[in-house]
Amino acid sequence: QVQLVESGGGTVQAGGSLRLSCAASGYTISRNLMGWFRQAPGNAREGVAGIFAGGRLTYYADSVKGRFTISQDSAKNTLYLQMNNLKPEDTAMYYCAADSSPGFAGDWDSLRNYDYWGQGTQVTVSS
């Protein structure tokens with residue numbers, strides 16, 4: 001049974017940093033596409049960052065490029081999202097997601113590519 005458990009969310013002031021973690025069980029993180037998504041109230045879930053090919057390929061939403069970094073630690077079987085220079089518009093529930101297949105079609109942030117989801121961790125950025 002695959003489980004993805006996020007942690008590291010919280011409340012920070014604008015300009016601050018947080019690091020989100022996603023601990024995986026029943027799943028090898030470096031094998032397939034994984035991603036971080038977020039969803040604010042009233043908004044659709046959107047892709048924030050993705051990672052593929054054992055970490056050799058990374059993808060970012062334009063809104064977070066230069067501020068967020070996705071990474072993985074195979075030894076700990078954990079996915080990370082380092083978030084710097086946070087802005088109030090980054091406030092959302094953040095989800096870790098994973099693909100069950102070795103490849104993916106289309107865009108990295110297409111929800112269709114992801115079969116497993118965590119329960120989410122809340123990030124709140126105050127101005």
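Q: Which order do the strands of the open sheet of four strands have?
A: Strands of a sheet pair through backbone hydrogen bonds, either parallel or antiparallel. In this predicted model, the open sheet runs β1-β3-β8-β7 with antiparallel pairing. Its edge strands, β1 (3-7) and β7 (68-73), each pair on one side only. Strands (E, at least two residues) are DSSP runs numbered from the N terminus, and two strands pair if DSSP finds at least two bridges between them.

Q: How many bridges join β1 and β3?
A: These two strands pair in the antiparallel sense over five bridges. As an example, S7 has S21 in β3 as its bridge partner.

Q: Is N32 buried or exposed?
A: Buried means under 20% relative accessible area, exposed over 50%, and partly exposed in between (1.4 Å probe, protein chains only). N32 is buried because its relative accessible area is 5%. N32 sits in the loop between β3 (18-25) and β4 (34-39).

Q: Which residues does P88 touch, leaving out those up to four places away in sequence?
A: Contact means heavy atoms within 4.5 Å. By that rule, P88 touches A14, V125 and S127. P88 lies in the loop between β8 (78-83) and β9 (92-98), and at 35% relative accessibility P88 counts as partly exposed.

Q: What should I keep in mind about the numbering and the values?
A: Residues are numbered from 1 along each chain as its sequence is written, and side-chain values use heavy atoms, leaving out hydrogens and water. Local features need pLDDT of at least 70 and side-chain atom pairs count only at pLDDT 80 or more, while totals for chains, interfaces and linings use all residues.
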